[in-house]
Amino acid sequence: MARLRVLLPLPLAGAYDYRVPAGRDVPPAGSFVVVPLSGRQLYGVVWDGEADPDLPERRLRDIVEVLPVPPMTASLRRFVEWVAAYTLSPPGAVLRMAMSSPSALEPPAQKAGWRLAAAGRRAAQGEGQGEGRLTEARRRVLDAMEPGEVYTAATLAAEAGVSAGVVRGMAGAGLLEPALLPAGAEFPRPDPAHPGPTLGTEQGQVAAALREATAARAFGVTLLTGVTGSGKTEVYLEAVAECLEQGRQALVLLPEIALSTQWLERFERRFGGPPALWHSELGSRLRRDTWRAVAEGRAPVLVGARSALFLPFPDLGLIIVDEEHETAFKQEEGVIYHARDMAVVRARLAGAACVLVSATPSLETLTNAGTGRYAALHLPVRHGGASLPEVAVIDQRRTPPERGRFLSPPLVEAVRETLAAGQQAMLFLNRRGYAPLTLCRSCGHRMRCPNCTAWLVEHRVRRTLQCHHCGHAEPIPETCPECAAEGSLTPLGPGVERVQEEAALLFPEARRLVMASDTIPGPAAAAEAARAIQEREVDLIIGTQIVAKGWHFPHLTLVGVVDADLGLAGGDLRAAERTVQLLHQVAGRAGRAEAPGRVLLQTWSPEHPVLEALVSGDLDAFMEAEAESRRPGHWPPFGRLAALIVSAEDEREADRAARDLGLTAPQAEGVEVLGPAPAPLALLRGRHRRRLLLKARRDVAVQPLLREWLSRAGVPAGVRVQVDIDPVSFL
């Protein structure tokens, strides 16, 4: 009997050997199969390589079934192995991400529907006896139907504007006959020939270069940069059009797909129809249908979050990573990976073009472009003649806000002027809730999360204190839990809810909208917010970082940043880089149409290099200086980092395991281990956390060092060690 290897979507170190029953064909590598394991049946994938010929026959189990779904491509199998090796994760854990919709492996159930019967076709043409039985409602149903097409009763009733009873009556009269609906959802094919927006000269040149790279049908990475509002989206959609003309599939990764209403509108204007979507808000049925449609090649373009990288594209020709600098592309739980970097790997293994897009690229990507590893294209001016906004700082040492307030007099006056001119304004503060800290005036007690090393954030609308790390929430107490003083709890610092409260007092006539993940929880809310702003039902937008992600509001001319210093404090390696990226993106929301825009940054340190770069507009010089500050110490992108996060429910166990790891740390040239030390979030979701950081020269392969290190240390059963290669967060 033939033997083969099957990889299961479990955190296992490798594939298991199974047997093909006599008389059955041996399924090729990549086939999805059902196999037994420990008294249950599981889905798996036939993996490459030879089974162990020395394994006794009695220890082998038979595969149960080969599933009727297209096999996993060789390039995706290589990708699973590459990600597992790079991140030091079990291959089965990575495979689980590629099998994220198990129900898609089963044949979709077909549903009953209705189509035109012969009498219905004659009646629709004004012939036969059926014509005399037509009421106005039945006529509308016939007009809504195409010969040969199958419809559900609900769809027919909705399209014709009739009740379901009308449809049943037509079936009883012989005008309709039962038929099976096509299995699975249908995904419209975007039309690359559909007329899109007119591109400017420079846009056309950049679009032609991207088309050429896509048409080459070979791997290559291109960095597309441009000022905010320069039309980067419209330009890279031409690469998508070229991919469609080549008959291949395209994948577009967005950092916040559930909030990308305006992006989807741009796509539909260019291609005459929507793309397939992949994000956490999808229902289970649509998720199953989308996975299957991708595997069968029926979804030519898919737009998704980072997990879309693991979908089973049979012929992937293009991957676009929009806003490539966004930290949202980093997966921090389970298999820890960076989708931007893995997108480059997936494109290489698939022989596809890869385009990284950003107005403020990460230093890693800029370095790759500077050394020639990536091609680079740039759009230097805004589309349609719009000018870049004027950026200025408000030095709060000279013009501080009034006592108990957070908006300085110059910013208040600027908002008033903007609203009086009939234009829209935005106040930006990257902090959710009402206040980040609640303090007792009597004893100094601070309201802290019981599960995390974090202060509880007040959400006044919901009258709760909430932890933004573990989700713990509790009512705001009437008395201090420490000293029992009544009415002594005081909120300190502002969140967007508090800015909204202040704005209501200062601008009572303005129609206000708060845009934060609490108030814009998904696609429907994002679409409604965009509609209200575009139709000028909103005068003043108050938002967190979600307002920075690609919105185009033509009547927005003023952006006020309430706390431009937020994010600069602390020891984060990339704090300055992230802050300049975020604030530049927010500033780019202003003045995107005819009216000029301006940006005001409230700060206590206007001499900070980040603020000086934003005012001067010379972000290139800032990034060059940032690079030079990292180069001598071999910090990324000129060196390698890997973090080990040790956690346990018992604090002493966490300390002991971290100490043992520190004592067995690798000793090699060009390698340094920092720690162990308590993590900034030393307690997270009830687990005590310690961190170690391995720093190495760029030419040192850290994965072999880490494997050998972990194998020597011997981690106790109650302790968890997470490995984060190329960390972006140090919490």
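Visitor: In what order do the 4 strands of the open sheet lie?
Guide: This is a predicted model: local features need pLDDT of at least 70, side-chain atom pairs count only at pLDDT 80 or more, and totals for chains, interfaces and linings use all residues. Residues are numbered from 1 along each chain as its sequence is written, and side-chain values use heavy atoms, with hydrogens and water left out. Strands (E, at least two residues) and helices (H or I, at least four) are DSSP runs numbered from the N terminus, and strands pair if DSSP finds at least two bridges between them. The pairing in this sheet is antiparallel, and the order is β29-β30-β28-β31.

Visitor: Which are the edge strands?
Guide: An edge strand of this sheet pairs on one side only. That picks out β29 (671-684) and β31 (720-725).

Visitor: Which residue in β30 stands opposite Val673?
Guide: β29 and β30 (residues 687-697) run antiparallel, joined by 8 bridges. Opposite Val673, β30 places Leu694.

Visitor: Which residues does Leu706 touch?
Guide: Leu706 is among the residues with the most contacts inside the largest nonpolar core, which has 81 residues. Such a core is a set of buried Ala, Val, Leu, Ile, Met, Phe, Trp, Tyr and Cys residues joined through side-chain atoms within 4.5 Å; buried means under 20% relative accessible area, exposed over 50%, partly exposed in between (1.4 Å probe, protein chains only). Contact means heavy atoms within 4.5 Å. Leaving out residues up to four places away in sequence, Leu706 touches Leu88, Ala642, Leu644, Leu694, Val723 and Ile725.

Visitor: How many degrees lie between the planes of Trp263 and Phe267?
Guide: Rings of Phe, Tyr and Trp (its six-membered ring) pair if their centres lie within 6.5 Å; planes under 30 degrees apart count as stacked, over 60 as edge-to-face, the rest as tilted. Both residues lie in helix α9 (residues 261-271), 4 residues apart. Trp263 is buried at 8% relative accessible area, and Phe267 at 0%. Their pair is stacked, 5.6 Å centre to centre, with planes at 25°.
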